[in-house]
Amino acid sequence: LVPGEAALQSEELGYVTAVGIDGLRSEFPVTSEYCYLDASAYGPTPTSYMQRVAAGLARLVEQPIDETTSRDESVRGLAARLIHGDPERISLVPSTGYGISLVTMGITWSAGDEVVVYEREYPPAVAPWLMLRDKGVRLEVIQDRGRDGFSIDDVAELLSPRTRAICISYVNWENGFRAPIEQLRSVCEGRDVWIVCDAIQAMGVLPLDAEVLGVDVLAAQGFKYLLAGYGCGIAALSQRATDDLRPAHVGYRALQDPDNASLVTESRFAFREDVRRFEMSTLSLPAVFGMEASLDLLLRAGTAAIGTHVLRLAGRLANGLSELGYEVARFDPSYEHQSHVVVAGHRDSALDTIQAQLLQRRVVCSFRRGRLRFGLHLYNNDQDIDYTLAQLAELSPR
Ligand SMILES: Cc1ncc(COP(=O)(O)O)c(C=O)c1O
């Protein structure tokens, strides 16, 4: 059994098992030309994304805009289904960093407040917290110590009466570590801590349950595992985040009564009370059209089925890499923090060269901090794994 599979097997299996993975691959023409193992960098948008964007734009050039043009409400509903959340607590955001900033800019900070992050976090996701340094807010950093991960005890050790927030990715961008996010809330029991989770390396490929995760903000832009390109993302908020966070920006969408002249004449305005007050303005229509198509596809496939599928392939890839002499991050088949992101180093080879050679052989993966990173999604199959391992066997030193 591949790690994680037992948990996933109990969930309902969806479309992947019904039509077979080859049926879905036709939605991703890139997979007929490339062995595409790089959704951790960019997830290819399906053909239906392109068609939906084209149809939406065609309508915009042919007909007047009306209330049915915008697909925001539909996207909110689909996103809620994908992560078992509440559409009334889903905000459509332009980026992951914007989602994180809902908390950095949305609460009142005091000098001496502390924020816990992980040493190997994606640096731009830590930058919003560093913006708080001039308010006297300090970072407490979970040390990796060569483990490519950490334990919940590492988090517990860093908590203090001054801890105000924790910000950790669900799946790490650089080593594929799947963090124990669902345990954070209980470890913070009795403390007033805001929990923020960057889910861009996981949303769309692993089953996520916003309620079970128990975080205040779960955020992901569309362009990786949501297969939804740039410009539109999803932030799922807890009830207290929805109720209590103060918007950092204001514009048409955030206002209760945007056309009210008293805003100017009497210097009065009120924010909307619902989650839309975090949406400063209208998002790019094509980005939202495309997101709708991609969420449709992911829901038809079912994230339980996708998760089972990618974890099995990840297990095969990790085994094969190890047999070829690669050091696979956290290589331990019983390890519960396994994800669909497989990362491997090699003592004797320059992996940037290997990555370039793989690309020449039509295998797409990333080179990050000295190692190869493979990010798997629903369109990958066993042939992709076999082909990649065969190329690596030819390219790698013995
Ligand atoms: C872990 C992680 N977070 C966030 C991002 C992107 O952030 P944003 O949506 O703010 O551009 C990336 C992209 O590479 C990432 O790997």
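This is a predicted model: local features need pLDDT of at least 70, side-chain atom pairs count only at pLDDT 80 or more; totals for chains, interfaces and linings use all residues.
## Basis of the model

Local features require pLDDT of at least 70 and side-chain atom pairs count only at pLDDT 80 or more, while totals for chains, interfaces and linings use all residues. Residues are numbered from 1 along each chain as its sequence is written, and side-chain values use heavy atoms, with hydrogens and water left out.

## Salt bridges

A salt bridge is a side-chain nitrogen of Lys or Arg within 4 Å of a carboxyl oxygen of Asp or Glu. By this rule, there are 36 salt bridges.

Glu174 pairs with Arg369 in one of them, with the closest N and O atoms 3.1 Å apart. The two residues are 195 residues apart and link distant parts of the chain. Glu174 is buried because its relative accessibility is 2%; buried means under 20% relative accessible area, exposed over 50% and partly exposed in between, with a 1.4 Å probe and protein chains only. Arg185 and Asp216 form another salt bridge, their closest N and O atoms being 2.9 Å apart. Arg185 is partly exposed at 30%, whereas Asp216 is buried at 1%.

## A helix pair

Helices here are DSSP runs (H or I) of at least four residues, numbered from the N terminus. The axes of helix α5 (residues 47–62) and helix α14 (residues 285–301) come within 8 Å and cross at roughly 140°. Axes are lines fitted to C-alpha atoms, for helices over the stretch in contact, and angles run from 0 to 180 degrees between N-to-C directions. The two helices α5 and α14 are therefore oblique to each other; angles under 35 degrees count as roughly parallel, over 145 as roughly antiparallel, 65 to 115 as roughly perpendicular and the rest as oblique.

## A surface residue

Val264 lies in helix α13 (residues 262–265). Val264 is exposed, as its relative accessible area is 69%.
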